[in-house]
Amino acid sequence: MRILLVASAFNSLSQRVFAELRERGHTMAVHLGPDPEELRAAVRAHAPDLLLAPMLKSVIPPDVWSAHTCLVVHPGPPGDRGPSALDWAIHEGAEHWGVTVLQADEVMDGGPVWTSARCPVPPVGKSDLYRNEVADAALEAVLLAVERFASRTYVPQPQYGRGWRVPDHTRPYFDQSLRRVDWAADPTATVVRKLRAAHSQPGVLDELLGGEWYLHGGHPEDGLRGVPGELLATRAGAVCRATVDGAVWIPELRPRRRPGGPATFKLPAVLALGGLLPRLPEVPAPPTLPPGRRTWTDLAYREQGPVGFLRFSFPGGAMSTSHCRRLLDAYRSACDRPTSVLVLGGGRDFFSNGIHLNVIEAAADPAEESWRNINAIDDLVAAVLTTTDRLVVAALGGNAAAGGVMLALAADDVWCRAGVLLNPHYRLMGLYGSEYWTYTLPRRVGEAAARRLTEQALPVTAEAALRLGLVDRVVPSTPGDFGAAVGGLAVSLATSGRLQERIAAKKAARERDEARRPLAAYRAAELERMRRNFFGPGEPYHALRSAFVRKQPVSGAPPQLR
C-alpha cells in the first residue's frame, strides 16, 4: 500500500513505524508539521491509500479525514483521551498501560478503534517508557491495524460500544501545577514519580539557587540526608537534592525561557548551574551496591564468572568529552580484570548517540569543544578496537545513532534487542563522521552498503541490521529482561569451546589489518574531514546543531526523505 506517515516530528516511534512498514513492502512517504494546507498538498502529491499518525500533536483537518482513512496512534488504552496519557499513567502509578490505534474523526482521540495493545509500566522515566514498552506495543498495534485495513473486511469498533472495559476517560493536559514538587512535604518516592512523569519533556519547573529551572530525570538516593530542598552533593555532572526522607539525583537542568528570549536546552546539572553552584562534595558511586541500596550512577561494572559487564547510561544517549573519558577509564580498568568476555552496554534504553551536541552548543567555543569531544570518543573506540586478549560484546538494549552505532561496531559481536532502531549515519548534522567508521562499517557490510547507509541516512530496524551484517544477534526480549538475557548469552560465549580460537583469530586479523592500513590512518583521514566541518566557513554543522538542540520544528518531509 501507499502510506503517508503524518507526524509532528520524525522521532523514535515515527522512525520505527516508518522502517518496519517499509520493510514489509509498503511504499512510505512522510509529512511533518501542523500546517493544514501543507498536509493537503502532501496528500494530493502522494495519493496515499492510508494516512497513519504515530505521533501527532495537531489536528487532522476534517476534509482530510473524511476523504481518507486516517489512523492515529494514541499512547493510552481504549477510552483514554487527552494529550498527556503517559504523564497521567506514571503519575497515578499504573502498573499496566496500553496503546490504541483509532480512526480520526470529529472527537479528539474518540474515533473508532482498529486495534489496541497492552504494555507494562516499569519504574522508569516517561521517555524511556515511550521508546521501549510503549513503542513495542505501538508497533504491534500498528502492524495489526494496517493488516486489517488492507483486508478491506475489518470494521473498527466504536469506542462507546459494550465491548470496552474502560469507559470514556478524558483527562486534561498535565500542566506544571500538577508537577510541582513540595520539597518540604513530598517524600522521595513522590518526587521521583513527578520527575519521571516529566522526563524528558517538559521537565518539572522549580526554583533553584534564585532561578527558575526545569528538572530533568530523577533517581532515589537513600544514603545522603539534609534540609529538604537543599543541594547536598554532585556526581558525574548530576546534583543531589534533599527530600523529607532521603534525596534524589537530578542529572540535567534546563533554564526557563525568558519572554522573547531564545529557546533553552538541557545540560548536565553542574554545567547548567555553573558559577551559581555552591561548593559541594563530589560523591562517587560505590563500586558495588549492597542489596536494597538505592542511588544513581551512569557507569557500573560487575563480573559473573569469566564475563565482565560494563554498563553505561548517559541521558539521551549523548556522550560529552567528560563522559567519553570516564567511560574510557572504566573500560581500561575492566580490561585489567581476568575475564575472557567483556560486555559493553546492556542497559534498557539508549546505547549511545555519539557526541554531546547540547554540551557543545553551550561551550564558549563550540568548534573547539566539538574537536575535543570527537577526539575523546575516538580514543574510546580505539581502545575497543585494539583489545585483543578477550572478546568484546556491544549489547544494545536501546537505540543508537551516529557515533554511537560506530562505537558498537568496534566490538567483536554486536547484540541488540529486537525493538532497537539504528541510525548509522552523520549526514543530517552536516558531519562526515569519525569513530573509525570508514574501517568498521565497510568491514561489516561492504563498501556499497556502507555508502548507502551513510548517504541515505534512513533508520534501520534490528532485523534489517542483522540481514545486513551490521549486528550479529537480535535478542527477542522485553526491555526489562534484556540485561539478564545478555548475561546468559555472554556466559555461554565465555564457556564455549571455541572462545580461545576466536580470540586468537581476532588478534591475527587485527595485525593483518594494521599492516595493510594502520588505524591511525583511518582516524587522521576522518578527522581531516571533521575539522573542516567544525571550523570551515559556510559549513552547515553549527546551524543544524543549534536547531537540533533547541528542537526547532521541521515542516514537510524529513531532510533525508527530500
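The side chains of arginine 293 and glutamate 221 form a salt bridge, with a nitrogen-to-oxygen distance of 3.3 Å; the term is used here for a side-chain nitrogen of Lys or Arg within 4 Å of a carboxyl oxygen of Asp or Glu. Arginine 293 lies in the loop between helix 8 (269-273) and strand 17 (299-304) and glutamate 221 in strand 11 (residues 219-221), so the pair ties together parts that are 72 residues apart in sequence. Helices (H or I, at least four residues) and strands (E, at least two) are DSSP runs, numbered from the N terminus. Arginine 293 is partly exposed at a relative accessible area of 28%, whereas glutamate 221 is buried at 1%; buried means under 20% relative accessible area, exposed over 50%, and partly exposed in between, with a 1.4 Å probe and protein chains only.

The model is predicted, so local features need pLDDT of at least 70 and side-chain atom pairs count only at pLDDT 80 or more, while totals for chains, interfaces and linings use all residues. Residues are numbered from 1 along each chain as its sequence is written, and side-chain values use heavy atoms, with hydrogens and water left out.

**Other charged pairs**

Side chains of opposite charge can pair when their charged atoms come close. By the rule given above, the count comes to 32 salt bridges, and the table gives some of these pairs.

| Pair | N to O distance |
|---|---|
| Arginine 293 and glutamate 221 | 3.3 Å |
| Arginine 467 and glutamate 23 | 3.3 Å |
| Glutamate 133 and arginine 348 | 2.7 Å |

For the pair of arginine 467 and glutamate 23, whose side chains meet in a salt bridge, the partners lie in helix 15 (residues 462-468) and helix 1 respectively, so the contact ties together parts that are 444 residues apart in sequence. Arginine 467 counts as exposed, at 60% relative accessibility, while glutamate 23 counts as partly exposed, at 33%.

The salt bridge between glutamate 133 and arginine 348 also links distant parts of the chain, since glutamate 133 belongs to helix 5 (residues 126-151) and arginine 348 to the loop between strand 19 (341-345) and helix 10 (357-362), 215 residues apart. Both glutamate 133 and arginine 348 are buried. Elsewhere, Arg16, Asp136 and Arg417 are linked in a network of salt bridges.

Strands of a sheet pair through backbone hydrogen bonds, either parallel or antiparallel. In this model, 3 strands form an open sheet in the order 21-23-24, and the pairing is mixed; two strands pair if DSSP finds at least two bridges between them. Strand 21 (400-401) and strand 24 (460-461) stand at the edges with a single partner strand each, so one side of each is left without a neighbour in the sheet. Strand 21 and strand 23 (residues 421-423) run parallel and are joined by 2 bridges, and alanine 401 stands opposite asparagine 423 in strand 23. Helix 1 (residues 12-23) packs on the sheet, touching strand 23 and strand 24, and its direction makes about 95 degrees with that of strand 23. Contact means heavy atoms within 4.5 Å, and the axes are lines fitted to C-alpha atoms, for helices over the stretch in contact, with angles running from 0 to 180 degrees between N-to-C directions.

**Leucine 409**

Leucine 409 lies in helix 12 (residues 403-409) and counts as buried, at 1% relative accessibility. Not counting residues up to four places away in sequence, leucine 409 touches Val414, Thr440, Leu441, Arg443, Arg444 and Leu470. Leucine 409 and valine 381 are 28 residues apart in sequence and 9.0 Å apart in space, C-alpha to C-alpha.

**Helix 7 and backbone geometry**

Helix 7 is mostly covered, with 7 of its 10 residues buried, among them Thr188, Val191 and Leu195. Most residues other than glycine have a negative phi, and most peptide bonds are trans. The peptide bond from histidine 199 to serine 200 is cis, with omega near 0 degrees, and serine 200 is found in the loop between helix 7 (188-197) and strand 9 (204-208). Another cis peptide bond joins glutamine 201 and proline 202, with omega about 5 degrees, and proline 202 has its place in the loop between helix 7 and strand 9.

Leucine 209 has a positive phi, near 55 degrees, in the loop between strand 9 and strand 10 (211-216), and counts as partly exposed at 36% relative accessibility. Lysine 551, in the segment after helix 19 (541-549), has a positive phi of about 55 degrees although it is not a glycine, and counts as exposed at 54% relative accessibility.
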